[in-house]
Amino acid sequence: MATFRAPRGTRDLLPAERPTWQRLETLAADLARRYGYRQIETPIFEESALFERGIGDVTDVVEKELFRVLPSRGEERERWALRPEPTAGIVRAYLQHGMHTLQQPVRLTLLGPMFRYDRPQAGRYRQFWQFDVEAIGDPGPAIDAEIIELAHRFYTEAGLTAVSARLNSIGDAICRPGYLATLRAYFEPHAAELPEEERERLATNPMRLLDSKDPRMAALVAAAPRITDHLCAPCAEHFDAVRRHLDTLEVPTVLEPALVRGLDYYSRTCFEFYREGAEGQQQALGGGGRYDGLVELLGGRPTPAIGFGLGLDRVVLALAAQGVASVPMERPAAVIVGADPADTPTRLRIATNLRAAGFSARADLAERKLARQLEGAAREGAHFAVILGDELAGGQVQLRDLEAGTQRLVNLADLPRELSRAQRQHHHGA
RNA sequence: GUGGCCUUAGCUCAAUCGGCAGAGCAUCGGAUUGUGGCUCCGAAGGUUACGGGUUCAAUCCCCGUAGGCCACCCCA
């Protein structure tokens, strides 16, 4: 029994799963490149205050899920926290490096691990990976549509089907307070009938009542006033324009008046992506929205912005649930084998020469029977084996095609060229 | 943070009523030492998650802890 285990809520991504992840990482980078979003890396920990102020210190993410880090040396007074989401750090970098002097909007992308200290479940981890894009400095609805379409394209190019965007507008500082008052006035007369938990929300965050899963709430929620009927003119206009642009881009969207984002800094457009008919509760594949107030909140000038974050762990789970085959591990082009331990230096030299020529090649360095070595090569899917034997004295080796079961003698000096030719025949022949 | 179910070899799982802890797969080795995925033989692999308790005796019953999963909370 292993003494140590991966910490709760974390896991190892093993060689068998990494190629699938690698494919998604490559897709994310390529998609961001095609859309003109530039890569940025920010630290995985920041000052706690950045998250407390940026995300909102009464949110669950900060109140109970922040992964706080205490420096081991006492002289550091600041408290740090592992990032629970990427936006706050990116906006911090935008401000720190004066990116407001660049052409606006600044389009940025980041892919990396995030940390939340909550109770793990399938699809919910304490360390999880997000692909994130942010466009800072553009107030217009067209950029909203661009980002939502980028997100949707990620899912479809990843191989997921039936992924649609749920869309809503949560208004802004002008119209939301009025709506919240209307909502409270609507629920207030029913306060006595509400379950205890829901009654608390009425005071703290009435919009949360709308996405309650409590069946007793269903009828009440269905008849509740909708934010989209209470938007101020500029917000309503913005929302309409986003929807028109999404139609233009042919992104399937569902209006979801109850959609509320969990983080405080959102305004106007907000959206989440779901796979239709997915089982289990961790179905949200990603989400995002506009956060026009955040840059100012973190000490910058008023700057509109919108972003999107997508959970790679959940995409991997969704792909598996949908039956999409995982990406197989790389197969070596050649394994160099030989029964005589004295040939080890030659095996090493042949392997390194083939690698220098660009092939994936490994020498079998265990001193075991030739049959075992060939078995090992075949089982990891090697295309060819280079077999060292008596012919070595004449400067020759056997080049064996492990799929066809055929082999022929080649001069050592010609090996890279011969392997290359054999590979080509393989591809054409098969 | 709340409630529930679960934990036996690397993996998937057995083990009668509380009575010597097993199989398949995987790993390693062998089948007259120069040729592979099949087959056959063998080996190794366990403090039955961890710590207590009850008992002549605990994988089995009880308590605690840790971890996993499910439903909440919330979210990706």
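**Figure 1. E250 in the loop between helix 9 and strand 8.** In this predicted model, E250 sits in the loop that links helix 9 to strand 8, the strand of residues 253-255. Take a look at the backbone here: phi of E250 is near 60 degrees, a positive value in a residue that is not glycine. Is E250 buried or exposed? E250 is exposed, since its relative accessible area is 68%, and the cut-off for exposed is over 50%.

**Figure 2. R268, a positive phi within a strand.** Here is another residue that is not a glycine and has a positive phi: for R268 the angle is about 50 degrees. Where does R268 lie? R268 belongs to strand 9, which covers residues 267-275. R268 has a relative accessible area of 14%, and because buried means under 20%, R268 counts as buried.

Figure 3. Follow the backbone from Q104 to P105 and you will meet a cis peptide bond, with omega near 0 degrees. As a reminder, most peptide bonds are trans. P105 is part of the loop between helix 4 (87-96) and strand 5 (106-115).

**Figure 4. F273 and the largest nonpolar core.** This view shows part of the largest nonpolar core, a set of 92 residues. Which members touch the most other members? They are F154, Y155 and F273. Helix 5, residues 141-158, is the element that gives the most to this core, with nine residues. Now zoom in on F273: leaving aside neighbours within four places in sequence, its contacts include I148, A151, H152 and Y155. Among its other contacts are V163, A165, L285 and F308.

**Figure 5. A second core.** A separate core of 19 residues is also present, and A333, I336, L354 and F359 are among its members.

**Figure 6. E41 in a loop between two strands.** E41 is found between strand 1 (38-39) and strand 2 (45-47), in the loop that joins them. Which residues does E41 touch, not counting those up to four places away in sequence? The answer is L110 and L111. E41 is exposed, with a relative accessible area of 63%. For a sense of distance, find E256 too: E41 and E256 are 215 residues apart along the chain, and their C-alpha atoms are separated by 33 Å.

**Figure 7. R226 in the loop between helices 8 and 9.** R226 has its place in the loop between helix 8 (218-222) and helix 9 (233-248). With a relative accessible area of 42%, R226 is partly exposed. Leaving aside neighbours within four places in sequence, R226 is in contact with Y179 and P257. E17, by contrast, is 209 residues away from R226 in sequence and 44 Å away in space, C-alpha to C-alpha.

Key: Residues are numbered from 1 along each chain as its sequence is written. Chains are lettered from A and ligands numbered from 1 in the order in which they are written. This is a predicted model: local features need pLDDT of at least 70, side-chain atom pairs count only at pLDDT 80 or more; totals for chains, interfaces and linings use all residues. Side-chain values use heavy atoms; hydrogens and water are left out. A nonpolar core is a set of buried Ala, Val, Leu, Ile, Met, Phe, Trp, Tyr and Cys residues joined through side-chain atoms within 4.5 Å. Buried means under 20% relative accessible area, exposed over 50%, partly exposed in between (1.4 Å probe, protein chains only). Helices (H or I, at least four residues) and strands (E, at least two) are DSSP runs, numbered from the N terminus. Contact means heavy atoms within 4.5 Å.
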